[in-house]
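Here's a quick walk through the model, for anyone about to open it next to the sequence. Keep both in view and follow along.

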Amino acid sequence: MRRWTQCVRRGFHSATAIDWRAFPRDEVTNVPARLEREWFGRRLLQEPDHPLARAKTRMVRHLGIECFEALPPVVSLYDNFDSLLIPATHVSRSPNDTYYVNRRHVLRTHTSAHQRQLLRSGPASWLACGDVFRRDEIDASHFPVFHQIDGGRVFGEGVTAREAEEDLKGTLEGLMRKLFGASTQLRWRDDFFPFTSPSFELDVMFNGEWLEILGCGLIHEDIMQDTPSIRGRQGWAFGIGLERLAMVLYQIKDIRVFWSRDERFWKQFRGRPLEAPIAFEEFSKFPKTSRDVSFWTNSEAFHENQFFEMVREVCGDLVEAVVRLDTFRHPK
Ligand code: FA5
Ligand code: MG
């Protein structure tokens, strides 16, 4: 713990490779091989052209707050749960929801896992981002590994809860309008987190549907109370899903695309200015295949355009090219 705190103080920014295999495994280990092979340690936020890194950088620049980018993704149960007042019986602790490295360590399920230590190490405001891991539903906006950016702010003495809440909502609305434009539709909803009170959720209108972007609230009194330097003061915290942010920013409809190694993905972002309004164009997730087709006709009036038209009718736009390789005319 002390070593960690010192790292934060020194500005623990350069990404270090963390090898979860160095942690002993035991009977509760449930990290799947695929996660380890394909997703763990990809460090997408460290690839400047990547849409997630772009979203992160735009956010950090707008807020003008220091961002800790290399906090280790393997955290203790205390960091991920207890320090945030998440009860011992809470569903999120279940191995059905959380990847356990061993009995005492998990792959962080949110970047809030660092909140308590950041509060203790003392910056008045901070951001912390990284990859987070959850056993979760599978759909276009959920993935077992995704990225979050947490933010926090501690006020000086004399600031009321009402003022802190206004500051929180104003800060986040300002961020959304800066990123998505002044006319973006936003919706606040009451939410519940054990570590904030009151708690809220912010949704953004995307493709005609409300998309949940973040959770936030005033840091729970018991947490503030527990840290002598900030006892009795007000503070806020939020946690944003960076994929959701980037989906709205770049009109990405499928969360799986962020993990693409395909050039057709990268070339849409590479070298573009940070604020460039990029509208992502989807491409097929399947590699190209070619097929040979032979057929015969006894019609003298046959023209190959008739065939091309039939291909378009049947296959839609899936077909990229049709090439005639050969013609055979039977002597009889
Ligand atoms: C949290 O993770 C809280 N730690 C947020 C927080 C921080 C609240 C500080 C208060 C104070 P939640 O589970 O709702 O909350 O996740 C936050 C955001 O992460 C969601 O709004 C969503 O944008 C994103 N998110 C959640 N699950 C997934 C997933 N499986 N795939 C992609 N994004 C996800
Ligand atoms: Mg939520």
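This is a predicted model: local features need pLDDT of at least 70, side-chain atom pairs count only at pLDDT 80 or more; totals for chains, interfaces and linings use all residues.

A word on naming: helices (H or I, at least four residues) and strands (E, at least two) are DSSP runs, numbered from the N terminus. Residues are numbered from 1 along each chain as its sequence is written.

**Overall build**

The protein chain has 10 helices and 10 strands. Its radius of gyration (taken over C-alpha atoms) is 25 Å, well over the 20 Å that the globule rule (2.2 Å times the number of residues to the power 0.38) gives for 332 residues, so the chain is more spread out than a compact globule. The C-alpha trace spans about 100 × 50 × 35 Å along its principal axes. Of the 332 residues, 45% are buried (under 20% relative accessible area, with exposed meaning over 50% and partly exposed in between, for a 1.4 Å probe and protein chains only).

Three strands form an open sheet in the order β2-β4-β3, and the pairing is antiparallel. Because β2 (74-76) and β3 (100-102) are at the edges with a single partner strand each, one side of each has no neighbour in the sheet. From one strand to the next, the twist averages 35 degrees (axes are lines fitted to C-alpha atoms, and angles run from 0 to 180 degrees between N-to-C directions). Two strands pair if DSSP finds at least two bridges between them; β2 and β4 (residues 105-107) have 3, in the antiparallel sense. V75 has V106 of β4 as its bridge partner.

**Pockets and a cavity**

Both terms come from a 1 Å grid over the protein atoms alone: a cavity is a set of points where a 1.4 Å probe fits but cannot get out, and a pocket is an open set with protein on both sides within 12 Å along at least five of seven lines; lining residues have an atom within 4 Å of a point. A volume is the space filled by probe spheres set on the points. In the class counts, Ala, Val, Leu, Ile, Met, Phe, Trp, Tyr, Cys and Pro are nonpolar, Asp, Glu, Lys and Arg are charged, and the others, Gly among them, are polar.

| Space | Volume | Lining by class |
|---|---|---|
| Largest pocket | about 1900 Å³ | 18 nonpolar, 10 polar, 11 charged residues |
| Second largest pocket | about 930 Å³ | 17 nonpolar, 14 polar, 9 charged residues |
| Largest cavity | about 30 Å³ | 4 nonpolar, 4 polar, 1 charged residues |

Which helix gives the most to the lining of the largest pocket? That is α10 (residues 304-315), with 5 residues. The second largest pocket has 40 lining residues, and T109, R134, Q148, F193 and E212 lie nearest its centre.

The structure holds 1 cavity of 30 Å³ or more. Its lining consists of T111, H114, Q115, L118, W126, A128, D150, G151 and A237. At least two of the lining residues come from each of α5 (115-121), β5 (125-133) and β6 (145-154).

Terms used
Chains are lettered from A and ligands numbered from 1 in the order in which they are written. Side-chain values use heavy atoms; hydrogens and water are left out.
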